[in-house]
Amino acid sequence: MKLANDPHLYTPITMRIIAKRDLCPDVRFFQMVPAGEFKQVKIDYKPGQFMMLSAFGAGEGPFSISSPPSRKGIIEFGIRKAGKVTEKLFTLRDGDTVGLRGPFGNGFPIEKMLGKDLIIVAGGLGVVPLRSLILYALDNRESFGRIIFIYGFKNVEEMLFNEVLLEMLDSDQIELYLTADKCEVKDDKYKGRICEGQVTGIFKDLKNIDPGRTVAAVCGPPVMYKFVVDKLLEFNIGKNNIFLSLERRMKCGVGKCGHCSIDYIYTCMEGPVFSYWDVIHMRDLI
Amino acid sequence: MRVYKISKQDEKKLFKVLEKFGEVWLPVKKGGKCTFSRIYSEDRLTFSQTEICNRPLLPLKKLLLPPEFNTLDFNAERYNRAEQNVPSRVVVGSHACDIHGVNILDKFYTTDFIDPFYRERRKKTIIIGTSCEPDEYCFCNKTNTNIIEEGYDLFFNDLGHYYLVWVGSSKGDDIIREGDDLFDENITDKIIGDFINWRKVNENFFTNDIDFYGVTDLMELKYNDNELWEYFGDKCLSCGQCTMVCPTCTCFNVIDDLEVNKNEGHRRRYWDSCMFKDYSMVAGGHNFRKTRAERLKLWYTHKLKAFIGQFGNPSCVGCGRCIVTCPVDINVYNVVSRLKGQEKELIRK
Ligand code: SF4
Ligand code: SF4
Ligand code: FES
C-alpha cells in the first residue's frame, strides 16, 4: 500500500476515451489513455485493483480495472449501466474525457499465485476484474501452473468478452468452462460449448486438483461467494488461498469517507480482495 | 511542560493577543443552543466556565472539516482542486473529551493517506482547551478522556479568579511570548493547592454510572444478538443526528453540482451518516445494510470496538452528545447497558 501525502489526493487526472464497444446490451467496454497535460502519467496497477472514475457533472464511482498491467498504456473498464455516473458514461463518445483517480485497493496477491495452479471463478460482471488477472497470467504463462477459468452468466446474451473467450476454448493454455443459468443457444458457434446451470455445477468436472498448489480467485454477485467457497473447500484448498473480490459502496477510495467499511476495516484499503480466512474473521464480509 | 498563571482581570488583554493569531472562536449560547461562534472584542466575553457553554452541539470537527464544502472545480476537460481560503483560527473552549476527539481525527485523517482538506484546516487552527464541570451525561472519566496531555496548544484550568495555563505546543508558547506580561511563571504552593483541590471537586461532579468494562468483547460476542439490536433498530428514525454530533464520526459523501451554464461545476463534500438508509447501497441497488439494526451495529462497532483494531482505543470519548441528541434515546449509555444484559436507561431531560 502506498502512503500518500498528496494535496491532490481527491483530484482526478483527465483521461481520453479512445475506443468503446458494447459487451452486452447494458455493459460497455471503455478504453482510455491519459490526456493533455497528463499524457506522460504512468498508471501502474495490479489485477484486482480499482479506480475512481468521474463523469462530467454526474459524479464519481469505483470501477474495477479490466485490463492487465502487462499491456501498458491503455486502461480498460467494463461498465454496467446502473445509476447516474454510468448513465453519463454511456453518453460519451470517442475523444471525450473523463476524470480518473487511483489505482486503489490491494488487488489479487500475485506473489502468492506465482508457480501455482489457478482456479478462477467469475459470475456475471465479476468477469471484469478477473479478466485483468487472466490476461496477466496468460501474458506470463510460464509463471503459472494450470489456469482453470469457470465463468457463469444468466444467458448467452449476457456473456461478456465472448469472442476472446470462445477462442480460449480452443486454447491449450487455459481450461475454460462456460455456463449459463438458461442456455438457449441460437448461434452455431456456441453449440455444445456452454453448459447449462450454475458455476458450482462445474466443479465435479474438474480433475486432478492438487490442493497444495492451488490458489483460487472468485468474483461475482454477493449470493455466489458462499456456494463457490464451499466447493473450493471440498477440494481442500487452503482458506488462506481462496481470494474473493468484493463490492462495496465507495466514495473516496482512500479510507476516509467510511462507506466501504466492514467491521473494523475499509474495503477500499484492505480489500477489495480478501482471503476466505479474512471472511471468517470479519463480520458481514459475505 | 510549562505552566503559567493568568489573572481573569487580564482576559481583555489576552483577547487582543489571541486576535493576533487569528479569528477567535468560542462556544456560546445562540438561540438556546450552544455553538462555536466567532467572537469579537466588543462582545466582552470571558473564557470562564460560566460564560462558555457546556458541550457545543457540534464539536470541533465542524471547524476542521465543515458540514459541506467544495473540493473540486471542474469543466469537461479538467478537474482542479477548489481553493479553500481557510482562515487562521484560535478556538477557545474545547473540553478535554473534545480534544481527545480531535486527536482521534488527527490520527484518522493522517494515517495511510493524508486528507489534504483536513490537514489544511487543522494546521491553521489553534486549540485552547478549557476545564469544565461535567454534567450528568458526561462520562469521559470512564473512557479515560477526562484528562488531556496532548493535542492542545494551550489549556486553561479555571481556578476561580485566575487560570492555570498549560502550554502544549510551540504555537501555544508563541502566544505566551506575545502576551508576555500577562502570564506569571511563578507557580506558588497556594496555586498547586488550588489545582489539586479543583481536581478533587471536579471528579465528584461525575454521576454517570456507565460501565465500560469488557464492552469491546461484548460488542463482539453479542453481535448476533438480534433481539438486542432490533430493540434499538425498531426505535431508530435513521435521522443521522447521532453521527452529526459525535466528535469522532467522520463519514462523508460527495456530489457534483453543475453551474447554470452547465459548462462547469463543483464537487461538494458533505457530512454523511451511516444511519441513512442508502449508506451502504451500491449502484444497481444492492444494499449491504438494509435494516436499521444492521446500521446501528456498524455505528456501535465503530464506537466501541473497531477503532481499537486501527488505533488502539475505542472511538467514544464520553462527551455525552448522543445521549442529549437522539430523539428516541438510543445512545452509548443505553447500548452499553443492554450489552451488559441490563435494562436501565439514561433518558435525556
Ligand atoms: S458515542 Fe456519544 S458519547 Fe461517545 S463520543 Fe460519540 S457522541 Fe460522544
Ligand atoms: S440512533 Fe437516534 S439520533 Fe441516531 S439515527 Fe437513530 S434516531 Fe437518529
Ligand atoms: S471508499 Fe471511502 S472509506 Fe473506502
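The legends below describe close-up views of a predicted model.

**View 1. The shell around ligand 1.** Ligand 1 is surrounded by 13 residues. The closest are Cys246(B), Cys316(B), Cys319(B), Gly320(B) and Cys322(B). Two helices of chain B, α10 (292–311) and α11 (321–325), each supply at least two residues of this shell. Sorted by class, the shell has 9 nonpolar, 2 polar and 2 charged residues.

**View 2. The aromatic pair of Tyr4(B) and Phe183(B).** Over all chains, the structure holds 24 aromatic pairs. In the pair formed by Tyr4(B) and Phe183(B), the distance is 6.1 Å centre to centre, with 70° between the planes. The arrangement is edge-to-face, because planes over 60 degrees apart are classed that way. Tyr4(B) belongs to strand β1 (residues 3–7) of chain B, while Phe183(B) lies in the loop between α5 (170–178) and α6 (189–205) of chain B, so the pair ties together parts that are 179 residues apart in sequence. Tyr4(B) has a relative accessible area of 6% and is buried. Phe183(B) also counts as buried, at 8% relative accessibility.

**View 3. The aromatic pair of Trp166(B) and Phe195(B).** The ring centres of Trp166(B) and Phe195(B) are 5.5 Å apart and their planes stand at 55°, so the pair is tilted. Trp166(B) is in strand β9 (residues 162–167) of chain B and Phe195(B) in helix α6 of chain B; the pair links distant parts of the chain, 29 residues apart. Trp166(B) is partly exposed, with a relative accessible area of 22%, whereas Phe195(B) counts as buried at 14% relative accessibility.

**View 4. An aromatic cluster with residues from chains A and B.** One aromatic cluster is formed by Tyr10(A), Phe69(B), Phe117(B) and Phe252(B). Chain A provides Tyr10(A), and chain B provides Phe69(B), Phe117(B) and Phe252(B).

**View 5. Charged side chains over aromatic rings.** Lys61(B) lies over the face of Trp271(B), 4.7 Å from the ring centre. In another such arrangement, the charged end of Arg338(B) sits over the ring of Tyr231(B), at 3.7 Å from its centre.

**View 6. The hairpin of β4(B) and β5(B).** Strand β4 (residues 68–75) of chain B pairs with strand β5 (residues 78–81) of chain B in the antiparallel sense, over 4 bridges. The hairpin that joins β4(B) to β5(B) runs through 2 residues. Within this pairing, Leu72(B) stands opposite Arg81(B) in β5(B).

Key:
Residues are numbered from 1 along each chain as its sequence is written. Chains are lettered from A and ligands numbered from 1 in the order in which they are written. This is a predicted model: local features need pLDDT of at least 70, side-chain atom pairs count only at pLDDT 80 or more; totals for chains, interfaces and linings use all residues. Side-chain values use heavy atoms; hydrogens and water are left out. A residue is near a molecule or strand if one of its heavy atoms lies within 4 Å of it. Ala, Val, Leu, Ile, Met, Phe, Trp, Tyr, Cys and Pro count as nonpolar, Asp, Glu, Lys and Arg as charged, and the others, Gly among them, as polar. Rings of Phe, Tyr and Trp (its six-membered ring) pair if their centres lie within 6.5 Å; planes under 30 degrees apart count as stacked, over 60 as edge-to-face and the rest as tilted. Buried means under 20% relative accessible area, exposed over 50%, partly exposed in between (1.4 Å probe, protein chains only). A charge sits over a ring if NZ of Lys or CZ of Arg is within 6 Å of the ring centre and within 35 degrees of the ring normal. Two strands pair if DSSP finds at least two bridges between them.
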